[in-house]
Amino acid sequence: ISGGSGDSKITTMSTRLGSNSEDRSLFKGHTLINKWGNLLNLQKNILSKAEEQFSKIENSKKTLKGRSIESIAAAVLYIASRMCSVPLRPHDIENTTGVPIKDIKGAYKGVKNHVNYIPPLDPPRYCSNFCSKLGLPGEVSGNAYKIAEAIKQKRLLDGRNPRTIASAAIYIAIQLSPDCKVSLKDISQHSKIAENTIKNSYKDL
């Protein structure tokens with residue numbers, strides 16, 4: 001095996017990580033975030049935000065005593081996705097990371113105290129995300145966003161899952177755009193909300 005500069009860097013890193021538990025934790029956390037982020041096909045800005053938040057938390061992790069690095073990294077990924085307006089479902093994180101959802105929720109409660117602001121899970125944010133995934137034209141996406149905002153402001157579907165409200169708003173916008181070929185099934189697949197649930201919300205409106 002060559003003894004070039006690459007091997008030297010690895011040796012130096014290994015020595016450093018071996019002598020500092022905080023560095024080991026930071027390295028492991030960032031590694032997990034990138035591994036899981038790639039599996040979830042997350043954009044680089046989400047991964048960068050997650051790494052940034054994990055580093056901040058690592059510096060004050062006394063308040064997270066008893067929480068595993070895995071659960072903290074999973075919670076940070078969830079928070080970063082919300083901060084970047086592409087909120088993940090906790091169940092998707094659980095399925096990808098193997099970290100039980102109860103552990104993710106427990107870590108989230110501690111982690112959120114170290115984050116300045118976590119955007120609320122509101123329908124318009126989901127709406128923009130789903131419209132992008134569906135590849136909807138700008139006009140249809142804009143109408144769907146306005147509908148979702150109106151539903152939220154007028155509290156027409158209070159108590160419903162924000163993803164459900166966003167899906168119903170998109171369904172309405174599509175009904176108003178005959179040339180749009182996106183189906184109810186397409187909306188359901190991207191939002192992870194059952195077709196009947198979307199239809200029932202549509203009828204309630």
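The model described here is a predicted one, in which local features need pLDDT of at least 70 and side-chain atom pairs count only at pLDDT 80 or more, while totals for chains, interfaces and linings use all residues. Residues are numbered from 1 along each chain as its sequence is written, and side-chain values use heavy atoms, with hydrogens and water left out.

The 17 residues of α8, at 1.5 Å a residue, should span 24 Å, and this agrees with its end C-alpha atoms, which are 24 Å apart; the expected span is 1.5 Å times one less than the number of residues. Buried in α8 are V140, S141, A144, I147, A148 and I151, where buried means under 20% relative accessible area, exposed means over 50%, and partly exposed lies in between, with a 1.4 Å probe and protein chains only.

## Two residues with positive phi

R155, which is not a glycine, has a positive phi of about 55 degrees and sits in the loop between α8 and α9. Its relative accessibility is 59%, so R155 counts as exposed.

N41 is also a residue other than glycine, and its phi is positive, near 55 degrees. This residue is placed in the loop between α2 (21–39) and α3 (44–58), and because its relative accessibility is 67%, N41 counts as exposed.

## The largest pocket

Rolling a probe the size of a water molecule over the atoms shows where empty space is left. On a 1 Å grid over the protein atoms alone, a pocket is an open set of points, where a 1.4 Å probe fits, with protein on both sides within 12 Å along at least five of seven lines, and lining residues have an atom within 4 Å of a point. The largest pocket has a volume of about 460 Å³, a volume being the space filled by probe spheres set on the points, which are joined across faces, edges and corners. Of the 26 residues that line the largest pocket, V86, P87, L88, N129 and K133 are the closest to its centre.

Two or more lining residues of the largest pocket come from each of α7 (123–134), α8 (138–154) and α10 (184–191), and α7 gives the largest share, eight residues. By class, this lining has ten nonpolar, eight polar and eight charged residues; Ala, Val, Leu, Ile, Met, Phe, Trp, Tyr, Cys and Pro count as nonpolar, Asp, Glu, Lys and Arg as charged, and the others, Gly among them, as polar.

## The second largest pocket

The second largest pocket holds about 150 Å³ of space, and the residues that line it include Y78, L88, H91, Y126, R163 and K192. The elements that give two or more residues to this lining are α5 (90–97) and α9 (162–175). By class, the lining of the second largest pocket has seven nonpolar, two polar and three charged residues.

S188 is found in helix α10, and because its relative accessible area is 14%, S188 is buried. Not counting residues up to four places away in sequence, S188 touches I193, A194, E195 and I198, contact meaning heavy atoms within 4.5 Å.

Conventions: Helix = DSSP H or I, 4+ residues; strand = E, 2+ residues; numbered from the N terminus.
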